[in-house]
Amino acid sequence: MPDAAQRLPEARPRPAPDADVVLRVEELRKFYGANEVVRGLSFAIRRGECFGLLGPNGAGKTTTLRCCLGLIDPDGGTIEMVGERVPQAARKARLRVGVVPQQDNLDPDFTVTENLQVYGRYFGLDPATLAARIPALLEFAGLEKRGAMGLRTLSGGMKRRLTLARALVNDPELLILDEPTTGLDPQARHLIWDGLRQLLSQGKTILLTTHFMDEAERLATRLAVIDHGTLIASDTPRALIAAHVEPEVIEVYGDDARAWADAHGRGLSARLEMTGETAFCYAHDARPLLTALGDAHGVRYLHRPANLEDLFIKLTGRELRD
Amino acid sequence: MMPSNLLRAPELSLSWTAVWRRNQLVWRKLAFASLLGNVADPLLYMVALGFGIGAFVPEVGGMTYIAFLGTGMVCQTAMFTASFEAMYSAFSRMHVQRTWDAIINAPVSLDDVVFAEWIWAASKAVMSTAAVLTVIVGLGYGHSWLALWIIPLGFLVGLTFGAFGLVMTAVAPSYDFFTYFFTLVLTPGLLLSGVFFPVAQMPVALQAVANLLPLKHAIDLARPLLMGSVPPDILLHLAVLAGYAGAAFCVALVLTRRRLLR
């Protein structure tokens, strides 16, 4: 009779796949040589939200994205994207994911429409499906009248919109964007943001990395701030700011800013930081500072609520990362 | 990157056909100019040297000099076309346009992309081979059914030099790097493989070197075929070409993975 101790141990049941979680990263690790670029990073993105990944240069954002897409193999941890294990089933997962890279990599030899057709073919989409989808994609990108035009006639903003449309050719569940509005003028940026909001309202999920705090603040449902490969903070933008930064900020400029800060600012602020010749005064109540500034000469100031940039700089520091 | 990942076996799927098709669609837009470029060079050689040198050279290798040159040119065009495509064109796509980066964001693996580029280089080689062969037939040579075997031979030569070209592309920092390939591989190949004169004319030491060159083995197959006879040592020549092609493709794949998948 088989002894209880000799029975094979039961395999640990895998947690039931959560249809609500579109991307789950657990304890992700990646080494480049002896350098640990990602150190035990964990986060989960729920369906329908826009998740922002913020971090300075070298924090490991792009490496994390590439691991999630299955382009590079992690050295530890697990990734599950649209219900598939990555990198084991990476190509199957990428069938339902769209990617907008940091640098445009459109095909300059093809017209706008041909770019969409050729890309659709990589997903195994047949010509009939593509023909049905492309007009809507062109309209989404605001390029309905430019379908037959070459890329040389397109501005930077139009190319970025085309790249976004191209990322939607397979009607993905998850859209991954790496710094999508870098290098665009304000009008172009707003157009992209409107497009992304439209996609969110259609139920798509977005993972976004960005350096632009206004972008993160406008779009992100939740944020993760990473630095040196680890998660430093993760929550909604409002909650993060409330938890880490004083609610009011006064930026003081001018020739006498430093002198004023030393003489008056420090005493009246919860926290004061000098950057070059600018003083950042953080306070729970800015009124005493405003009163003092009213009497000051040789300075200008800007009074505003705390924003994500303050959070970012507080969490990751002011030093340049090369 | 972990060594085991770099050296794993190629993971191929039918997705490579979508990448091949993309290259073919671009080619169609420029087809005439492209063919003209690939074919003009060998034709000029044949006409200029064939009539020029052929005027005072009686017979070479049992045939007129223009026929001798033609058989060499048919292989030379496959070699140059595939090399160019796998170097300059592939490098443009990989590094300048970042097309490969775009493709591997879709469910296509890098292995599929490199494989597709390899087959595409050979496809272009076979097109230029067929074009040069047509001219040779027009000049009155190769009127035997055996000559048609030169077309698949062109594909095989394209695979060999396409693979060499992809190795270069995988490590090239810029277009200038490809000059090394001309100086160290293409030109010696052209001069020592029996294109312009029989290999038997060379010193024994150089003949030994020639036996290592894939182009020589291609010509050893092409010349008899064009003249209407079955080449000797078929399997040996095919094995050399296929061996170089397969080995170089694997090297190209490993080097490309190291370059792009970091």
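1. In this predicted model, chain B reads α-α-α-α-α-α-α-α-α-α-α along its sequence. That amounts to eleven helices and zero strands. The radius of gyration of chain B is 19 Å, close to the 18 Å that the globule rule gives for 262 residues, so chain B is as compact as a globular protein of that length.

2. The C-alpha trace of chain B spans about 60 × 40 × 35 Å along its principal axes.

3. Chain A contains an open sheet of four strands, in the order β2-β1-β4-β5, with antiparallel pairing. Its edge strands are β2 (35-46) and β5 (84-86) of chain A, each of which pairs on one side only. From one strand to the next, the twist averages 25°.

4. Within that sheet, strand β1 (residues 21-32) of chain A pairs with strand β4 (residues 76-81) of chain A over five bridges, in the antiparallel sense.

5. Which strands of chain A does helix α1 lie across? Helix α1 (residues 61-69) of chain A lies across β1, β2, β4 and β5 of chain A. The helix runs at about 120° to β1(A).

Notes: Residues numbered from 1 in each chain as written. Chains lettered and ligands numbered in written order. Predicted model: local features only at pLDDT ≥ 70, side-chain atom pairs only at ≥ 80, totals over all residues. Pairing = 2+ DSSP bridges. Helix = DSSP H or I, 4+ residues; strand = E, 2+ residues; numbered from the N terminus. Axes fitted to C-alpha atoms, helices over the stretch in contact; angles between N-to-C directions. Contact = placed C-beta atoms within 7 Å. Rg over C-alpha atoms; globule rule 2.2 N^0.38 Å.
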